[in-house]
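Let's walk through one model together, starting with its sheet and then moving on to its pockets. Have the structure open while you read.

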Amino acid sequence: MLDDYHLFTEKVYTKLGIDLQQYKEAQMKRRLTSLREKRGYQDFITYFNAINKDIDLLHEFVDRITINVSEFYRNPKRWDVLKDIIIPLIKTNTKELSIWSAACSTGEEPYSIAILLKEHFPDVKTKILATDIDEKVLEKAKQGLYLEQALKELPANLKAKYFNRNGSQFEVDSAIKSKVTFKKHNLLEDTYPTQVDLIICRNVLIYFTDQAKDKIYNNFSSSLSNNGVLFVGSTEQIFSPNKYGIKLLDTFFYQKTNQ
Ligand SMILES: C[S@@+](CC[C@H](N)C(=O)[O-])C[C@H]1O[C@@H](n2cnc3c(N)ncnc32)[C@H](O)[C@@H]1O
């Protein structure tokens, strides 16, 4: 018989299509237990019945599982490598570059790439798709309003050039906003886009089990065009990348090998 937590994960999957069993269990269970106890529920099934009825509790629950922290130019040295080595390597004069920011949270990452391209590669045609499982963060991403904290790694000249102050917040310029298409996508369930030249997927795979990661890396590899590049987060180096038909190009960048 399933225990309280596993029964809960099954009910959540049926309700939301989010499979908690593919996220590292100890970490996820700890996060959810503290939230459940804070709201005064004795066990996960009673907690499920509550989130099933109360939309605010449901939103709070989704917030807790998705962990939406992000910022512009997160780990700036990697963005320099992207500018100096990776984009020059994958750009062509003929074809539009297809870029996918997967698990983009509130949009800092896809807007960072749109700014970098406009600033340094104005002649390269690009299309940028940005996806996340959480509809609430996608709505915020589309608004493009940020606290100054999210901009702390962005070079000052770029902040001045691509943002407009709006009260205590900074709004990303409409020319940059229009470069990015946001869409809901679950990395564990949905079909992946194809012929992508650059996939940026950072700081989400750390939350998944090894089996889930395996599946996602294989999907990313199929998604990439020949010589396409996968850019991962700064704690997410891939062991044995050749297993997935990709090879290390530079720290945290992997290139599809032609097979
Ligand atoms: C910590 S944020 C990473 C944001 C950005 N990539 C960065 O590195 O700054 C993790 C994001 O992963 C998303 N996420 C979690 N599970 C997901 C899934 N199964 N499919 C797609 N996105 C997911 C969350 O909603 C959250 O916005």
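In what order do the seven strands of the open sheet run? The order is S6-S2-S1-S7-S8-S10-S9, and the pairing is mixed. Before going further, a word on the source: this is a predicted model, where local features need pLDDT of at least 70, side-chain atom pairs count only at pLDDT 80 or more, and totals for chains, interfaces and linings use all residues. Residues are numbered from 1 along each chain as its sequence is written, and side-chain values use heavy atoms, with hydrogens and water left out.

Strands (E, at least two residues) and helices (H or I, at least four) are DSSP runs numbered from the N terminus, and two strands pair if DSSP finds at least two bridges between them. At the edges of the sheet stand S6 (180-184) and S9 (246-250); each has a single partner strand, so one side of each is left without a neighbour in the sheet. S9 is joined to S10 (residues 253-256) by four bridges, and the two run antiparallel. Within this part of the sheet, Lys 247 sits opposite Gln 255 in S10.

Angles run from 0 to 180 degrees between N-to-C directions, using axes fitted to C-alpha atoms, for helices over the stretch in contact. H7 lies across S2 and S6, at about 165° to S6. H10 (residues 210-223) lies across S1, S7, S8, S9 and S10, running at about 135° to S8.

On to the pockets. On a 1 Å grid over the protein atoms alone, a pocket is an open set of points where a 1.4 Å probe fits, with protein on both sides within 12 Å along at least five of seven lines; lining residues have an atom within 4 Å of a point. Volume is the space filled by probe spheres set on the points, which are joined across faces, edges and corners.

| Largest | about 400 Å³ | Thr 66, Ile 67, Ala 103, Asp 132, Val 204 |

The largest pocket is lined by 27 residues, with at least two each from H4 (55-66) and S2 (126-132).

Note on methods
Contact = heavy atoms within 4.5 Å.
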